[in-house]
Amino acid sequence: MSRTFSRLSLFLALLWMSVTDAAESGDPSIDSLLQDLAQANLMEKVSILEQLETSGGRDMLPLFQTMLQGDLYFDEASGRMVRLVEDGEDAMTATDALTGESLESVVEDQVVDIRVNNLLRMRLTESIARVELMEGDVSQRREAARSMLDDINGRSVNLLREARESETQESVLKIINTGLAMHRLTLADDRQERLDAIALLEQRLERPVLNLLERYTPDGSAGETDTAVAGAAAEAVENIERRSRFYRFIEQLLFGLSLGSVLFLAAVGLSVTFGVMGVINMAHGEMLMLGAYTTYVIQQAMPGLIAHSLWLAIPAAFLVAASVGILIQRLVIRHLNGRPLETLLATFGISLILQQTVRVVFSPLNQRVVSPEWMSGSIEINPVLSLTNNRLFIFFFALIILALLMFILKKTSLGLNVRAVSQNRNMAKAMGIRTEWVDAMTFGLGSGIAGIGGVALSQLTNVGPNLGQAYIVDSFMVVVFGGAGNLLGTVVGAFSLGTARMFIEPSMGAVLANILFLLFIIVFIQFRPKGLFPQRGRAAE
Amino acid sequence: MKAGNTIAGLALGLGLASSSLVAQDQDPIKVGVLHSLSGTMAISETTLKDTVLMMIEEQNQNGGLLGRQIEPVVVDPASDWPLFAERARELLVQEEVDVIFGAWTSVSRKSVLPVIEELDGLLYYPVQYEGEESSENVFYTGAAPNQQAIPVMDYLMEAYGIERWVLAGTDYVYPRTTNRILESYLKMLDVADEDIMINYTPFGHSDWQSIVSEIRRFGSAGRRTAVISTINGDANVPFYRELSNQGISPLDIPVVAFSVGEQELSGVDTGPLVGHMAAWNYFQSVETEANAQFIEHWHEFIGNDERVTNDPMEATYIGFNMWVKAVEQAGTTDVAAVEDAMIGIEVPNLSGGMAVMNENHHLSKPVLIGEIQDDGQFEVVWETRDLIPGDAWSDFLPGSRDFISDWTPPIECGKYNTETETCESQDY
């Protein structure tokens, strides 16, 4: 059955090949152009691409896209352009770059890589945009139309006009009309027509529109003589900038929330251990690092399933970090009970030991953690405001962790014990709570949460031995600011510090913002040494 | 052993050759390796330690140097700048090494310098740096700013028509000095103040949202914009990720980095970086016979085919080969003799052509610009036609324009004022 099928498909493929062969041999220039493309240097490739676009037209689209992605190869044996894509581990699938038929005879060592550089990529995106404007799906058409706003000239205006005829989607049409309005403002003679164009442009937020309008303001570079047009342009610029400022404010707020959730994930584990046990755990950052390394190890173990590995990494990271945490608590911290200074030094030593262990086991180099597809890119709300996917993910992830912790602390017996111990250790002991056990569990919980935070951090930053150090100071800042042992305090601390930093950074620079923050914390603890939300109860005094 | 030597000495030369002299001649030549093997800089410096060890092993297999074996003395300054000075003193006083290969960050080099000068040691420094320095006891085999930064600006203006510039760097001496040089270079070319944006971030900066958003706004003013990045080490990955997440491709705003090489990219998901650029004097992808051999040898030595090579490794390679050649020429490892022999010495580059050591203790090297590919390697898109001599004192800084460095007679000075014709002292 399957054999007949494969024969049939082979036959069809052969038939198809002969058809395309015939079509191609009718136009020998494309074949020879492809030959040239394989041998050309980067400069020559530019002109070959132009010739390919004029003689090949839309048929060249798959070739151009493959080339843009860097997957294009030339098979010397068959003289064909081949698309080679890595398929799982070490296996490559080859398809014809023009027709898309799958090829099996291609040997990886016998193909020539068609290299591209930025100048070529620019040409390719332009060519692709010209085709996609007519034939792409909605988002492709929108992107293509938008890319043409950057350079409104005779050619792009003709394309936009042509696209307007067939376009049905409102969102794409708006951009096309924007482009045409830009053209009218530049070239029309009639005052009313130009004023209408400005009125239309005023509604938009795209940066090229603003740049163009700025040129037509009374002191713009276009030297506009018609005062009515110039006045209208100035008003339009004002209007667009006002709206942009609003969206920029929203954007900064969102940036702040996302930094806040990172800080929260890094600090919340510390807040739990610090609050319950009064232990300053300098090795907390290394728990983050262990979580990140767990993500790396799991990705290595299941190479084909990058997208799913993250879900497995979360519980694994929790377990790894939690067990290391419990080990540290049982072996070291327990014996230093009530001696905060020694505990601090001992945990600092542990932090160095863990770092160097990772250096020895994994090498001092950073490890490569791949982000799943769905976490890269962004959701665009308008041309000024967009949300990056990974930040959104981390924000919701932080919320989930928060909810989980709330649940554990408020609704489980472990949580009850933890709260009892943190409020009054001796009384809890007298009531029959095994404080030793609660201490170990709390330390495990705090470390485990840090491990999960490490999974999130692995998507944002380097996975290397120094990962923990980068976050330990910030974590302490959040805990001190919010008040140790108070979940609400950690949330408020993390989000307010995150937001404040994002608003300060653009005007003062990151370095000064850092200094300012530390200063603020120093002053703050002079007045509220227990943080925003201090522990209540007799033991807290 | 000693008895054996004595017998040999007696048998050889009527008791004229003293036994201790023979013994000393066969003692190994000691080479100090001063690179951090722990702490933040271990990520970069461990590789250079291995490179030196590999070069020494190779030299020993080929019969050593002056008929003696070379013995490496490896110490770990642990990314702790004052510790660099201590370890250097230990190498020179206790171990009595003849030469030191080491240091990475400028601050570690500045910490070692007084010790090396006081004890008259010899240091080969293999990393690109900010210039404005020239010590008699140091040979700088990495790039000076005019061998990396300035050619890049010219390329970007020519090939991309860049008119607006973002100078983004980590907040320490190398980016600050480099950016000062670049800024005054741009001003010389009549670039307006409002077309230059300068931004500094702390070491290991990880939240780039607002800064990248700022760069995006700066770059969308309708004129071509590029970012010149002197961002160091770990801060780079989150920076590039944020760029790609906010939809900035190299086609919109290209980033050219001076501190990102193959090694830095090896722990990175390179997807978002493809098309951004870096400028160095060497890339692993350069196709020369010497480079192919070097890479093969490196893989064999380190036992891992995945390990990459990079520019500071080439600088170490050049430095070591130059030292070997100079010692052979001088016939001794004596510091003063080697220093004299070093000037004018030529050894092959891995990237083709010959590197020449100049009177100012800097090299003449080619400059390459590469675009990042998705395999973490660089595609060379541009290179200088000729070798560019390293300039210790930048011609584009008002304070240093008049200075030159020349360690040959009659000047013999690291900071010579050509206006007043006097030698000024340097404080490191």
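Of the 428 residues of chain B, 54% count as buried. This figure, like those that follow, comes from a predicted model. The C-alpha trace of chain B spans about 85 × 55 × 40 Å along its principal axes. Chain B has 13 helices and 19 strands. Among its contacts with a separation of 6 or more, 67% are between residues 24 or more positions apart.

In chain A, 44% of the 541 residues count as buried. A compact globule of 541 residues would have a radius of gyration near 24 Å, whereas chain A has 31 Å. The C-alpha trace of chain A spans about 95 × 75 × 40 Å along its principal axes. The chain contains 21 helices and 7 strands. Of the contacts in chain A between residues at least 6 apart in sequence, 68% join residues at least 24 apart.

In soluble globular proteins, nonpolar side chains tend to be buried together. The largest nonpolar core here has 114 residues, and the members that touch the most others are Ala88(B), Ile100(B), Val256(B), Ala278(B) and Trp323(B). Helix 12 of chain B (residues 311-330) gives the largest share of this core, 10 residues. A second, separate core holds 83 residues, including Ile333(A), Leu354(A), Ile449(A) and Ala494(A). Returning to Ile100(B), its contacts beyond the neighbours within four places in sequence are Gly32(B), Leu34(B), Ala88(B), Leu91(B), Gly121(B), Leu122(B) and Leu123(B).

The next feature is a sheet. Strands of a sheet pair through backbone hydrogen bonds, either parallel or antiparallel. In chain B, 5 strands form an open sheet in the order 2-1-3-4-5, with parallel pairing. Strand 2 (70-75) and strand 5 (138-140) of chain B are the edge strands, each pairing on one side only. On average, neighbouring strands of this sheet are turned by 25 degrees against each other, direction ignored. Helix 12 of chain B packs on the sheet, where it touches strand 3 (99-102), strand 4 (123-125) and strand 5 of chain B, and its direction makes about 170 degrees with that of strand 3 of chain B. Strand 1 (residues 29-34) of chain B runs parallel to strand 2 of chain B, and 6 bridges join the two. In one example, Val33(B) has Val74(B) in strand 2 of chain B as its bridge partner.

Strand 17 (residues 403-406) and strand 18 (residues 413-417) of chain B run antiparallel and are joined by 3 bridges, with Phe403(B) opposite Asn417(B). These strands form a hairpin with 6 residues between them, and Glu412(B) in the turn has a positive phi of about 45 degrees. Strand 18 of chain B is also joined by 2 bridges to strand 19 (residues 422-423) of chain B, again antiparallel. Here Asn417(B) stands opposite Thr422(B). This hairpin has 4 residues between its strands, and Glu421(B) in the turn has a positive phi of about 55 degrees.

Finally, the two chains meet. The contact takes 44 residues from chain A and 43 residues from chain B. Several helices of chain A each supply at least two residues of the side that touches chain B, among them helix 11 (227-277) and helix 14 (340-362). The residues on that side of chain A divide into 15 nonpolar, 22 polar and 7 charged.

Methods:
Residues are numbered from 1 along each chain as its sequence is written. Chains are lettered from A and ligands numbered from 1 in the order in which they are written. This is a predicted model: local features need pLDDT of at least 70, side-chain atom pairs count only at pLDDT 80 or more; totals for chains, interfaces and linings use all residues. Two residues are in contact if their C-beta atoms, placed from the backbone, lie within 7 Å. Ala, Val, Leu, Ile, Met, Phe, Trp, Tyr, Cys and Pro count as nonpolar, Asp, Glu, Lys and Arg as charged, and the others, Gly among them, as polar. The radius of gyration is taken over C-alpha atoms; the globule rule is 2.2 Å times the number of residues to the power 0.38. A residue is buried if 20 or more other C-beta atoms lie within 10 Å of its own, exposed if 12 or fewer, and partly exposed in between; C-beta atoms are placed from the backbone. A nonpolar core is a set of buried Ala, Val, Leu, Ile, Met, Phe, Trp, Tyr and Cys residues joined through C-beta atoms within 7 Å. Two strands pair if DSSP finds at least two bridges between them. Axes are lines fitted to C-alpha atoms, for helices over the stretch in contact, and angles run from 0 to 180 degrees between N-to-C directions.
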